[in-house]
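Hello,

Here is the structure for you to look over. My notes on what was found follow below.

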Amino acid sequence: MSEPLKNDRFLRALRREPTDTTPIWVMRQAGRYLPEYRATRARAGSFMALAQSPELACEVTLQPLERFDLDAAILFSDILTIPDAMGLGLSFAQGEGPQFAHPVRTRADVDKLGVPDMDGELRYVMDAVRTIRRELHGRVPLIGFSGSPWTLACYMVEGEGSRDFATLKAMCWNEPKLAHQLLDTLARSVAAYLAAQAAAGAQALMVFDTWGGMLGPAPYREFSLRYMAQVVDALKADAHARELPVILFSKGAHRHLSAMADTGCAALGVDWTIDLADARAAVGGRVALQGNLDPAVLRSNPETIRREARAVLDSFGNHPGHVFNLGHGITPEVDPEHVKVLVDEVHAYGRVVRARA
Ligand code: CP3
């Protein structure tokens, strides 16, 4: 049904197998820093029209692969497709963050929510996965993704982006049962969503927990980690998804790396606030690590970008199980030429690191 992979560095690294050099992809690699992305988005009319067209979503997924020697593609979509499919009414104003017409605030709001139909409201996502897999012709593996239950709940309860998502935090303190009901519905939805992406052809799965790190240690375990663990467990029981490596990424939560590895996931995303050597020590080689260059480095100059990329590779050292990435998404003002500098340096210096005793 599908062509054999021509470049399996990324999947090998996630399995902690040896590779010729370090694989790299970039969070938000298809995005506004690319003029060709901005052109396709303008043609689509809106971000959601772009995401809901399998052909256009495929087109922008492939754009960064045409420019750079990346080792993985990531489905072009958004984490907020699940709440949108639940009926919350998602929109993105140009240049602004996401907005929901119907935020979730009361028990009646939570009671109304169910797991969306993966062949109904979310079919466009699975169609995009199938289209991208076909058009990739086995060049590199395709990553499917979802938001974490906690991070989805942040946007659903706040109704928009926020500095601190205090509305959901207040629900956790005032009505913990209600918060848990919401998070459980989301965990079942995220698991079904990722399993459907696996069935449609995704070859690795990533969970973005962008806002887990703003919780204290005990609330992080209770409201964020616990539901990601529920998702990992459900995927291990799924006929398609059980074969796929799962990457968990809680931004700003490196103190929890060891507990995250206990979920049984294959890999952990790491932001730039910890050295990879220390992150490796924390997980004891149980999982692969993905990261962790500060995205702001891409706003510097080629010489600095090469030096900082080498520092990340040196920190991880000559071990299997490193996927190079930024510690968070690339930002719109980055010069695309700087991404080329980064990708080429990671591949060149990754070979040097591997040649070390
Ligand atoms: O990585 C990729 O190339 C795949 C596509 C992808 C998008 N969003 C496309 C997008 C992925 C993996 C995401 C994940 C996502 N979306 C996260 C988790 C990762 C992270 O960055 O923390 C979050 C929190 C969101 C929610 C979201 N989507 C916000 C807050 C915004 C607006 C702010 C922004 O960065 O533009 C979006 C919109 C969005 N999602 C854009 C893109 C390319 C820009 C929309 C546009 O073209 O106007």
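**Pocket, ligand and cavity**

The largest cavity is lined by S250, G252, A253, H254, L257, M260, G269, V270 and D271. Its volume is about 40 Å³. The count by this rule is one cavity of 30 Å³ or more.

Before going on, some ground rules. This is a predicted model, in which local features need pLDDT of at least 70 and side-chain atom pairs count only at pLDDT 80 or more, while totals for chains, interfaces and linings use all residues. Residues are numbered from 1 along each chain as its sequence is written, and side-chain values use heavy atoms, with hydrogens and water left out.

The terms come next. On a 1 Å grid over the protein atoms alone, a cavity is a set of points where a 1.4 Å probe fits but cannot get out. A pocket is an open set with protein on both sides within 12 Å along at least five of seven lines. Lining residues have an atom within 4 Å of a point. Grid points are joined across faces, edges and corners, and a volume is the space filled by probe spheres set on the points.

By class, the lining of the largest cavity has four nonpolar, four polar and one charged residues. Here Ala, Val, Leu, Ile, Met, Phe, Trp, Tyr, Cys and Pro count as nonpolar, Asp, Glu, Lys and Arg as charged, and the others, Gly among them, as polar.

Now the largest pocket. It holds about 1,000 Å³ of space. Its lining has 36 residues, and R28, R32, F47, D78 and F92 are the closest to its centre. The lining splits into 20 nonpolar, 10 polar and six charged residues.

What takes up the largest pocket? The ligand does (more than half of its atoms lie within 2 Å of the grid points). Around the ligand are 22 residues, of which R32, Y37, R41, T210 and H328 come nearest (a heavy atom within 4 Å counts as near). This shell has 13 nonpolar, five polar and four charged residues.

A polar side-chain atom of Y37 lies 2.6 Å from a ligand oxygen atom. For H328 the distance is 2.6 Å, again from a polar side-chain atom to a ligand oxygen. T210 has a side-chain N or O atom 2.7 Å from an oxygen of the ligand. The protein covers 90% of the 870 Å² of accessible area that the ligand has on its own (Shrake-Rupley method, 1.4 Å probe).

Last, the backbone. The peptide bond from G291 to N292 is cis, with omega near -5°.

Best wishes

Key: A polar contact is a pair of N or O atoms within 3.5 Å; within protein, one must be able to donate a hydrogen and the other to accept it, and residues adjacent in sequence count only if both atoms are side-chain atoms.
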